[in-house]
Every structure is written in C-alpha cells, then in structure tokens.
Amino acid sequence: MPSIAKIIRVLRHKLATPNDAADGMYVSGLLAWKSPFLMNAVVEALNISPDDEVLELGIGFGDGVLCSYKHVREGKGTVYTVDRWTSLFGAVRGRFPKKALEDKRIVFNEVLDAKLLPFNNEFFDKIFHVHSPYFWTSDLPAALAEMIRVLKPGGVFLSGMHLKKLEFLEKGKLIRRRQFDPTRYIFELEPAGFEDVRMEYVKGMTNKEYQLIFAKKPLEIRELRDPDKVAIYLKNKIMKEYIIERGIDEGHSLVEIQQEFLDDETYDDVKLLEGTPHIGHLYTALLADASNRWRLLRDGNADLDDSLFTTGTDEHGLKIQQTATAAGCDPQSYCDNMSDKFKDLFCAFGIQPNDFIRTTETRHKEVVKHIWEELDKRGQIQQGKHEGWYSTTDECFYASDEVEKLSEQNSMVSKITGSVVEWVQEENYVFPLSKYLGKVRSWLSSCDIIRPKVYFPEAFQQASIERNLSMSRDRKRVTWGIAVPNDESQTIYVWFDALISYLTVSGIFSNQKGSKWPPTCQILGKDILKFHAVIWPAFLIALDLPLPKRIFVHSHWLVNGAKMSKSVGNVVDPFIASKSLSEEGLRYFLLRQGTPQNDANFTMLKAINVINTDLINNVGNLLQRSTIEKLNPSQRYPAFYPDSFHNSLLELGEPLVHSVNSLAELYEEQFDELMIYKALELLMEVMRQANGFFQFYEPWNELDDRKVSSLLYICYEVLRICGILLQPAVPHYADHLLNRLGIKKNERGLGNVKLITDSKYFGRPLGEYSGPLMERIVCRASEV
C-alpha cells in the first residue's frame with residue numbers, strides 16, 4: 001500500500017504539471033472546491049459588454065465560460081477558452097448552450113503553452129483566469145507578454161485567486177509558494193507592459209476573502225514584447241503610425257549615451273555633458289560593463305590588454321556653451337567638473353573602462369582635423385548655404401515636415417523630440433549625405449544590423465529621407481568647439497566631432513599597433529538612432545572604413561510611469577538611490593528590469609522588492625541556510641552520495657540538476673544578444689527551484705547524514721554555478737558568494753558551470769563567513 005508521503009507526491013505532481021484530462025479535472029475540482037463565488041466575482045468585475053471578445057485561460061468545469069456567455073449572448077461577442085486537452089472540453093461541453101456552440105459563440109482551443117496563443121494581435125477586450133496560469137508555465141514574463149499581444153489597447157486582464165485555499169494546499173505540500181505567489185505575479189505585470197496594476201479584496205457570503213488582480217493594457221503601446229514578431233507586425237501593418245508615434249514620444253535628447261564593442265574590444269559611450277548623471281546614463285554604462293565582463297568570462301578571462309573598453313564625454317557644442325554660461329563659468333571648467341562626476345559614477349558602480357575619452361583632449365582634436373582634411377581631399381565637404389529649423393537641444397537641423405506649431409504656443413517644435421526649433425540660415429560646410437544613403441540602406445537591410453529588430457523600421461525610414469548634412473556652424477554663434485581646418489570662421493558640427501571619438505579611441509589613426517576596427521556592436525539609446533544608423537555609417541563609407549557589424553538599441557527609463565524631467569523634479573540620481581538600494585543592488589535592478597525594446601519603469605518600491613526578492617531571498621537566504629554549522633558542522637564542501645540521491649532526492653533533485661546544467665547554454669544565448677534581463681530571469685528561476693528543493697526535503701529534520709550531505713552538495717553546486725554566471729551583472733556580490741563557498745579565482749570561468757557528481761570541491765574548506773551577501777533593504781515610507 002502506498003505511503004501517505006508518496007500519495008502526496010503524486011497529487012502534488014498532478015497539480016503542478018497535469019498531463020492528461022483526468023489530471024486536469026482533478027486540478028479543476030481541487031481549486032474550485034467551495035469557491036463558486038470567486039468565478040462569479042471575477043466575471044462581474046470584468047464588466048463584460050455584449051459585443052466583447054472574451055478569453056478565459058483554463059476551462060476547468062466551465063463556470064467561467066458560462067458566466068461570461070450570459071453577458072455576451074444578447075450581442076455579437078464571443079467567449080473563447082483555452083486549455084491543454086480537447087478531452088477536457090469534451091467533458092464539460094454538455095453544460096453549454098447547444099446553439100452557442102453551433103454558432104461559435106463559445107469556442108475552445110487546445111493550447112499546450114500559454115506563451116503561444118493561437119490568436120491575432122489585439123484580438124480580445126477582456127482576458128481572465130482563476131488560478132490556472134500559475135501552473136501553465138515557469139516563464140511568467142513570456143506568458144504575460146503574450147497576454148499583452150492578444151489584448152486590445154485599453155483591454156483588461158484580471159486574475160482571481162483564493163489565497164487562503166492556495167496556502168492550505170501549500171501547507172499540505174501539494175503546491176509550492178512560487179507557483180501562486182501573488183507578489184511575484186504582480187511585479188511581473190508592469191514590466192510586461194501593463195498599467196494600472198492593483199490587487200483588490202472581495203468577501204463572499206461566508207465572509208471568506210478573495211483576491212482580484214487587475215491590469216490594463218495602455219491605450220498607446222509602442223512595442224510588443226517579442227522583437228522579431230514586432231518587426232513583422234510593424235512592417236506589414238503599422239509602419240507609418242509606429243514611426244510617428246515613436247517620434248513624438250522621443251524625449252531624452254539631452255541624454256546621449258552610446259557604447260561600442262569591437263572584435264576583442266569594447267567601446268563604451270560618449271556622454272553629452274548636460275547635467276549630473278542619472279539612472280539612464282548608468283544603465284547604458286552598465287550594459288557595456290556587464291557585456292565586457294561577460295565576454296572576458298566567456299573567452300576564459302582573456303588578457304585585459306586585448307580588451308578595449310572605453311567611455312568618455314562629448315564636451316563641445318552650443319548646448320554646452322549655453323549651459324556653462326548659465327552656470328556662471330567658462331565651458332572648459334564646466335566640462336572638467338561634469339566629466340569628473342561621470343568618472344565618479346563609474347567608479348562607484350564598478351564600471352571598469354580601460355580608457356576615458358574627452359572630446360576636448362588634444363589627441364581627439366587631432367584625429368577630428370585629420371579626418372576632416374581627408375574628407376575634404378576626397379571632395380566630400382563643400383561650402384554652401386544651409387537653412388532649416390535648428391534645435392539647440394538636439395544639435396541638428398529638421399526639415400519643414402519634421403516640425404510643427406503646437407496649439408497655444410508661438411514657437412515651433414520638433415515632432416520627433418518636442419524640442420524648440422528656430423529658423424537658421426547661414427553659410428557653412430556641407431557633407432553629401434544623400435550620396436551614401438543607398439549604401440546605408442543596403443547595409444541595414446542585408447547585414448541584420450539593428451537589434452532588437454523592432455527598431456529597424458525607424459532606422460530604414462531615416463535612411464530613406466534624402467538630405468545633405470550641415471557639417472559646421474558659424475563660429476560667431478558656436479564658439480565652443482573645434483575650428484574647421486583653415487577656416488576659423490566655422491566650428492565643426494558637434495555630432496561629427498562626437499562620432500569621430502570612436503575612431504580616436506580605436507587607435508586607427510594614431511599609428512597604434514593594437515588598433516581595432518570595425519566595431520562588432522554599438523549600443524545606444526533609441527533617441528540617437530538616426531545619428532548612428534544613418535550619419536555615422538555614411539561618414540565611414542566616405543572614408544572607405546568597414547562598418548559596424550551590429551547596432552543594439554535600448555529604450556529609456558521612466559520614473560513612476562513618467563519621463564525623467566528636471567522641471568518635474570523626478571530625475572533619479574544614482575548616488576542618492578544607491579544609499580537605500582546599495583551600488584550592487586541598483587546595478588542588479590537596472591540590468592534585471594531594463595528591457596531594450598520597451599521603456600522600463602523605475603519606482604523605489606519596485607527596486608526594493610526586486611532586490612530583496614532575488615538577491616536577498618532567492619540567492620542569499622539559500623546560501624545562509626545551507627551553510628550554517630548546524631547543517632554543515634565541518635564547514636567543508638559536502639560529499640555527494642549517488643545512492644542516497646537516487647533513493648531519497650530524485651523526485652525534485654533530478655529536475656533541478658537538469659535545469660542547472662541547461663542554464664549556462666540558455667544564459668549565454670541571452671547574454672550574447674544583450675538580453676541581460678532575460679538571462680537573469682532564467683538564473684533566478686533555477687534559484688527558485690533550488691530553494692523549493694531545499695525547503696521540501698527539510699534537511700534540518702533529516703537524520704540520514706548521507707542524504708543531508710547529498711542535498712547540501714546539490715544546493716552548493718547550484719549556488720556555485722549561479723555565482724559564476726552572476727559575475728558580469730553583480731561582480732562584488734558574486735565574489736562574496738563564491739568566496740563563501742571556497743571557490744578559487746581560477747575556478748570561476750564558464751568551463752566550471754556544470755554540476756558534476758565526482759566533484760573536485762569535495763572536502764575543501766568553505767570560505768570564512770563574513771556576514772550575509774547583502775543586507776535586506778528596509779526603507780521608510782518617505783523614501784519609497
């Protein structure tokens with residue numbers, strides 16, 4: 001006769017991963033038991049209209065379909081439901097009106113994975129579920145992104161749950177907290193693209209409390225989650241609307257950050273000095289630093305001399321000139337002060353460039369003059385009259401159809417950035433940009449240059465606008481900059497000056513033996529895509545220099561859902577934020593929550609929760625709990641006993657070993673694509689699995705020393721492998737973790753990220769305990 005423990009394991013397995021219709025009925029019955037009120041409450045809260053298209057995730061006993069159909073039967077709406085088994089639908093279809101089935105007003109679809117729904121974009125008005133998605137997929141962010149895709153703008157996504165019941169099932173060891181944790185669920189909704197996220201409580205007739213989690217898709221959403229799907233969608237359907245919408249929404253032209261990665265070299269950004277650094281500056285620098293650290297880790301910690309990782313500041317132009325005057329100092333002093341602030345920022349957050357380039361340096365001025373003269377010699381710079389709408393903020397001209405006059409305003413503004421423009425007509429030097437646009441378009445189209453692909457339409461559209469480029473400004477108007485060679489009346493255009501800094505740091509024009517060109521990847525903010533995807537390659541083509549192999553574009557950081565603005569007063573200073581979050585904590589949060597294809601949102605509460613959940617609870621607590629002397633009195637790396645593992649730990653241990661041994665390849669794939677947030681989610685999912693493994697087998701209550709040793713060994717190995725993989729993202733945190741496990745410096749490469757049972761670490765002393773990996777973040781309400 002099977003033991004109670006074995007029966008519980010079987011029931012838990014069926015609940016977590018039902019694999020047939022019978023299992024599905026069992027799961028539905030267990031979750032629906034004594035809670036018919038919840039389904040009615042969810043459907044009523046949706047406020048379904050007669051013509052709405054409605055989707056229920058997980059058919060269960062069909063209660064949700066029946067409740068929803070009552071609201072649409074008098075109109076033209078349809079109720080759709082999805083589940084894993086057609087046979088489950090067959091078991092409950094007798095409850096539905098026959099005419100509704102015949103008229104296809106109730107439609108069932110078999111769906112094996114919630115991340116792949118068989119519906120068109122923006123198809124549904126309402127989507128809801130009660131409990132089910134917690135058991136559909138471990139990749140919650142991807143599943144929620146799929147909900148965003150199929151939901152109409154303004155549509156509602158509603159999740160219902162009876163938390164007390166789920167906690168009761170957890171206590172019975174039938175499910176685990178991570179399968180239904182509402183906190184984890186809520187935290188993933190906003191990054192997926194939802195807004196107005198909230199949880200409400202309703203009480204039933206017996207005074208039981210139920211939870212409803214609401215989320216809404218914004219009326220204007222710029223990108224869907226999957227870049228490849230979005231690229232196709234935009235190309236075929238909304239190319240024009242997309243470009244206009246993104247153009248109007250661009251608002252960070254004062255923050256110009258870019259980075260470049262050369263074959264074995266990494267170039268970080270050249271930052272425009274216009275105010276103190278904020279989290280947007282830090283995020284881009286972190287992408288470069290983490291990527292550079294990853295390359296070194298991936299390639300076996302290659303010689304640092306073979307890696308060129310640079311950053312710097314763009315210090316010329318009218319904007320700097322005017323800002324310095326307003327600050328009451330000369331431009332050079334202003335630039336010296338601001339440049340030092342960026343250096344301090346990089347130092348504080350562990351960003352380690354080999355070089356820091358300032359465009360006011362002599363070495364750079366010499367290269368700019370040399371390239372100007374080379375282009376002039378090739379007949380690519382001509383004197384002429386240039387006129388147009390000029391933005392001092394954006395340091396560029398706009399065509400007449402790129403500006404507009406807003407209501408109740410006298411001045412003209414750029415449609416793209418919203419910055420004020422003025423009509424300027426002057427004699428200056430001109431570069432024949434139109435001559436090279438055909439080659440630029442060919443490069444963009446045939447070489448798979450732009451990533452994520454969602455940004456390709458805009459880049460291609462910008463490369464299709466026939467125009468020439470003003471290469472200089474009247475020196476009477478712009479005095480702060482490099483003078484045109486042999487013409488002191490003109491100042492070289494600041495963007496030409498800034499872009500050439502990449503060539504300066506490469507050493508290609510300074511007779512350095514180790515010069516490296518071309519870049520394998522440039523990383524830049526979406527607001528300066530035009531300069532790097534159109535103007536920059538045109539210069540390189542004119543110089544007969546190889547073009548970058550990839551341009552990686554990332555979006556901006558919002559604060560509480562709004563753009564950062566000095567006038568609004570919501571600019572987040574990383575130095576101030578790190579006082580609450582710590583440098584490593586803020587570093588992790590930005591890399592974990594920054595999504596290149598979508599604007600990310602910073603709130604102090606979200607940052608605290610993400611850091612505490614991932615670094616404190618998920619990783620730190622497992623290390624702390626598994627290395628205490630009560631469980632490991634010898635304070636040595638434990639032994640692994642295959643017989644104990646297979647006899648006592650196999651049920652959860654085998655899936656965990658598979659997950660951690662699959663992690664490195666998946667992690668590498670995402671990191672190589674600079675989808676760092678996806679890589680970190682993969683890692684944290686394995687850590688959640690390890691915590692469940694540790695908690696389930698309760699080693700503190702175990703008398704079998706061999707079983708305890710094998711369990712601790714598995715936990716240490718997961719921590720060791722995840723610690724190695726965390727090094728590029730949070731180097732000091734990872735170093736602390738690996739030191740505690742006693743892992744030597746030369747054992748921290750990617751060659752050591754497999755869990756092996758005949759470990760060389762067995763019996764080795766653990767590192768000295770020096771406190772928790774990171775202190776839990778607790779903030780006052782005023783700080784949040």
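Asn560 sits in the loop that links β24 and β25, where helices (H or I, at least four residues) and strands (E, at least two) are DSSP runs numbered from the N terminus. This is a predicted model, in which local features need pLDDT of at least 70 and side-chain atom pairs count only at pLDDT 80 or more, while totals for chains, interfaces and linings use all residues. Residues are numbered from 1 along each chain as its sequence is written, and side-chain values use heavy atoms, leaving out hydrogens and water.

Q: Why does Asn560 count as exposed?
A: Exposed means over 50% relative accessible area, buried under 20%, and partly exposed in between (1.4 Å probe, protein chains only). Asn560 has 59% relative accessibility, so it counts as exposed. Its phi is also positive, about 55°, although Asn560 is not a glycine.

Q: Why does Asp544 count as exposed?
A: Asp544 is at 60% relative accessibility, and therefore it counts as exposed. It belongs to the loop between α18 (529–542) and β23 (551–554), and its phi, near 60°, is positive in a residue other than glycine.

Q: What makes β25 and β26 edge strands?
A: The open sheet has 3 strands in the order β25-β24-β26, with mixed pairing. β25 (562–563) and β26 (600–602) each pair on one side only.

Q: How do you know that the buried residues of α19 line one face?
A: The buried residues of helix α19 (residues 574–581) are Pro574, Ala577, Ser578, Ser580 and Leu581. Seen down the helix axis, they fall within an arc of 160° (taken from the directions from the axis to the C-beta atoms), so they line one face of α19. The face turned away from that buried side carries the exposed residues Ile576 and Lys579.

Q: What covers the buried residues of α19?
A: The cover, counted by contact (heavy atoms within 4.5 Å), includes α11 (279–298), α13 (331–348), α20, β26 and α21 (604–626).

Q: What makes the peptide bond from Arg451 to Pro452 stand out?
A: That bond is cis, with omega near -15°. Pro452 lies in the loop between β17 (450–451) and α16 (456–462).

Definitions and conventions: Pairing = 2+ DSSP bridges.
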